[in-house]
Amino acid sequence: MINPQSFRNLVRVLERLRQKAIQAGHTSDQINKSALLESISSRKIGEFIDCSHQTVNRTVTRFLAIHKKLPETKLLSLTDNELLHLFYPKMVDKELPKRRPPIALIMNEAAKRPKKLGLKIKTIYLNYRAQDPSTALSISHFYYLVRQEIKQSKLEYLFEYEPGEVLCADYAGIKLIYYPESPQKPELLDVFVAIWGYSNRMFAVASKRHTTNDWVRGFVKAFTHFDACPCVVQFDNGEMVKKSGLLATLTEQAQCMSAHYDLMVDTSQIGSPRQNAKAEKGVQHISNRVLVPMRKLHFSTIDEVNAHLLAEVERLNDEPLQKIKVSRNALFEKHEKPASKGLPIHAYAPFDKRFTQTSSANCTVTYQSNLYSIPFEKRNQLLTIEITENNLSVFHNHQLIASHELLCGVNQRRMLDAHKSPAHLAQSHKNKAYFMQWAKAIDISIAKLVERQYERVNSENSRPAGKACIYIQKLYKRYGDEAFVSACKYADTHVITQVQELELVLQTEIHSDNNETQAPLVLPQHKNIRGAQYYGSN
């Protein structure tokens, strides 16, 4: 005999056929078997309900009789026993001699450990049979009833995604292999997979690790590859979540990525694939079609792996989908990309370290004993510093104000002219190159004088030498071009270096005396003074 659940399904189908016949113009009294089964045969109904067509015909006859006798009865509101007794009044309830499977226990185990359910059901059956073998069901019947209950318990929600709404992501369980050093030393790579909710367009990239930064880099590479940004990203990575819940608390790295791209973040529980079903299906498809064949290939670099991986994924994106006969790429270009957001000017770079620091009065911040400049307006303020692999970035109120390449060693400086105040910028430009350019434009003798100021110091930015050159400029303005050039030529001839001596030359106007000659040096005559004649060749 048909079981109660199948019988209820059969009655439900007949009720729908009866409503359809009424809509076609038949009255309740006029509906007969031919009118009821006008659009579908009893055999088709039997195949759908999983019962014989004879059972369907007998039930139709009783169904029509009950509606003529009790037209106001709502059959589907009755319980299973009430419904069976209504159709079969002479049916006697029999107590089954066999015990039913412990369905509640099995469903509880299915919720806790779905991957080990098969082994757990076998253990439960052995315990069930050990209690009383005489009242236990056979293993085939036991498994049949369990399968029926599990089928009835499955209920899935169909997520509907709008174009450009969401990008789902997950890491594949299958790892790729590459040989960076030799064929005898393989290394494993994790594979990040992203898939759009509406078009199902996929992206994949391999990385050495499976950290928060790798997740963020995977998203950034996906956004760059698609040249589009979604409104929402969905993932189940516990490392990017500080505290789970209805609205999860994200880590600082995830919050910064979300703020940079203006994203909303939706998280799902780890080990709950149905909550992130879109990403799970994308991972399954790429694993079966791409990752498994790639494990048989030989790669020596990660770039080779990613180039081949992306090419294979794009080949899948170009294939038409089975149901709608349109490719993922076509759907993306026509619907998804126009509805998505554009990318910011700069791609987000995940940081390795992040901390706050109050900038100094000399407009610098410090990292690992090296100094980096910041705009002079942000001096003496609390700033946020982010360190990436090769870069140092400085933020104020979430706005980027400075970016430098990291320096090697210690006690190094990286100072940008754009960060200096006008006064400091003018002062920093007064170096040897600046003064030499000024001097050469007037006369070479002035350039030689400037050169002698810097010969006594080791730095071309020496402050004392710069002050001396500034004084030289003042003397030039005070005495004019002709006198100053003449004095510098006199200083060059007499190897005068001190600026004060040059000023004395200008004051005395000794440089203008053309008859000045240097008298020959005559040694005084004294017995203790001996010359070359006394010492000879020795």
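This is a predicted model: local features need pLDDT of at least 70, side-chain atom pairs count only at pLDDT 80 or more; totals for chains, interfaces and linings use all residues.
Let me start with the whole chain. The protein has 538 residues, and a compact globule of that length would have a radius of gyration near 24 Å, whereas the value computed here is 45 Å. Along the principal axes, the C-alpha trace spans about 160 × 60 × 40 Å. Buried residues make up 39% of the total, and of the accessible surface, which comes to about 33,400 Å², 52% belongs to carbon and sulfur atoms. If we take the contacts with a separation of 6 or more, 60% of them are between residues 24 or more positions apart. In secondary structure, the protein has 19 helices and 15 strands.

Now to helix 5, which covers residues 80–87 and whose buried residues are L83, L84 and F87. These residues lie on the same side of helix 5, because they cover an arc of only 95° around the axis. As for their partners, the buried residues of helix 5 pack against helix 1, residues 4–23, and helix 4, residues 53–69.

Three strands form an open sheet with mixed pairing, in the order 10-11-15, and its edges are strand 10, at 364–367, and strand 15, at 413–414, each of which pairs on one side only. Strand 11, residues 370–373, pairs with strand 15 in the parallel sense over two bridges, and Y372 stands opposite R414 of strand 15.

Conventions:
Residues are numbered from 1 along each chain as its sequence is written. Side-chain values use heavy atoms; hydrogens and water are left out. Buried means under 20% relative accessible area, exposed over 50%, partly exposed in between (1.4 Å probe, protein chains only). Helices (H or I, at least four residues) and strands (E, at least two) are DSSP runs, numbered from the N terminus. The arc is that of the directions from the helix axis to the C-beta atoms. Contact means heavy atoms within 4.5 Å. Two strands pair if DSSP finds at least two bridges between them. The radius of gyration is taken over C-alpha atoms; the globule rule is 2.2 Å times the number of residues to the power 0.38. Accessible areas come from the Shrake-Rupley method with a 1.4 Å probe; for residues, only the protein chains shown count as cover.
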